[in-house]
Amino acid sequence: TMFPKIAMVRTALESLYDAKAAVYTYTCTIDAHHITTQNLTKLISDLPCRISYQRNEAAQTTDTVDTQDMMITMIYSDTSIAIPAGSQIMVTWDDGRTDAFENASVPSVYTHHAEVRLVREKDKP
């Protein structure tokens with residue numbers, strides 16, 4: 001059984017969740033002609049989560065523009081779910097907005113939740 005304190009912390013964290021994620025991974029299939037294709041397959045649906053944005057204050061300066069790195073983290077409670085690195089993640093916020101990400105890390109699993117680093121699909125080089 002879960003200690004009451006852990007349950008209270010998890011409930012408090014989940015009250016901050018304002019989005020749901022669908023997680024997709026690539027699977028390989030081989031057809032009758034021995035041609036391998038990669039297909040995007042849904043691994044998880046409607047995973048309650050929160051997307052956290054944190055600016056990295058170390059700016060990168062080039063001849064043309066200054067840019068700041070943004071660290072994007074997805075926080076979710078189901079610690080039994082291991083989202084594979086490279087997975088495609090479609091996030092839908094409670095207000096209907098959507099955004100596409102890629103998992104850029106192995107999940108960090110804590111007592112109350114798990115976290116993965118994300119890269120926004122449209123920001124990829």
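Asp99 touches Ile89, Met90, Val91, Trp93 and Arg120 when residues up to four places away in sequence are not counted, contact meaning heavy atoms within 4.5 Å. This residue belongs to strand β5; helices (H or I, at least four residues) and strands (E, at least two) are DSSP runs, numbered from the N terminus. The relative accessibility of Asp99 is 13%, and the residue therefore counts as buried, a class defined as under 20% relative accessible area, with exposed over 50% and partly exposed in between (1.4 Å probe, protein chains only). The C-alpha atoms of Asp99 and Lys122 are separated by 9.1 Å, the two residues being 23 apart along the chain.

The model is predicted: local features need pLDDT of at least 70, side-chain atom pairs count only at pLDDT 80 or more, and totals for chains, interfaces and linings use all residues. Residues are numbered from 1 along each chain as its sequence is written, and side-chain values use heavy atoms, with hydrogens and water left out.

The side chains of Asp99 and Arg120 make a polar contact at 2.7 Å. A polar contact is a pair of N or O atoms within 3.5 Å; within protein, one must be able to donate a hydrogen and the other to accept it, and residues adjacent in sequence count only if both atoms are side-chain atoms. Side chains of opposite charge can pair when their charged atoms come close. Arg120 and Asp99 form a salt bridge, with 2.7 Å between the closest N and O atoms, where a salt bridge is a side-chain nitrogen of Lys or Arg within 4 Å of a carboxyl oxygen of Asp or Glu. Arg120 lies in strand β7 (residues 114–120) and Asp99 in strand β5, so this pair ties together parts that are 21 residues apart in sequence. Both Arg120 and Asp99 are buried.

The count of salt bridges comes to three. One of them joins the side chains of Arg50 and Asp18, at 3.4 Å from N to O. Because Arg50 is in strand β2 (residues 36–61) and Asp18 is in the loop between α1 (4–14) and β1 (19–30), the pair ties together parts that are 32 residues apart in sequence. Arg50 is partly exposed, with a relative accessible area of 32%, and Asp18 is also partly exposed, at 25% relative accessibility. Asp95 forms a salt bridge with Arg97, the closest N and O atoms lying 2.9 Å apart. Asp95 counts as exposed at 56% relative accessibility, whereas Arg97 is partly exposed, with a relative accessible area of 47%.

Strand pairing requires that DSSP finds at least two bridges between the strands. Strands β4 and β5 pair in the antiparallel sense over five bridges, and Met90 stands opposite Ala100 in β5. The two strands form a hairpin with four residues between them, and Gly96 in the turn has a positive phi of about 100°. Strand β4 (residues 88–93) also runs antiparallel to β1, to which six bridges join it; Ala21 stands opposite Val91 in β4.

Asn103 is located in strand β5 (residues 98–103) and is buried, with a relative accessible area of 2%. A polar atom of the Asn103 side chain lies 2.9 Å from the backbone oxygen of Ile83, and the Asn103 side chain reaches the backbone nitrogen of Ser105 at 2.9 Å. Leaving aside neighbours within four places in sequence, the contacts of Asn103 include Pro84, Gly86, Ile89, Val116 and Leu118.
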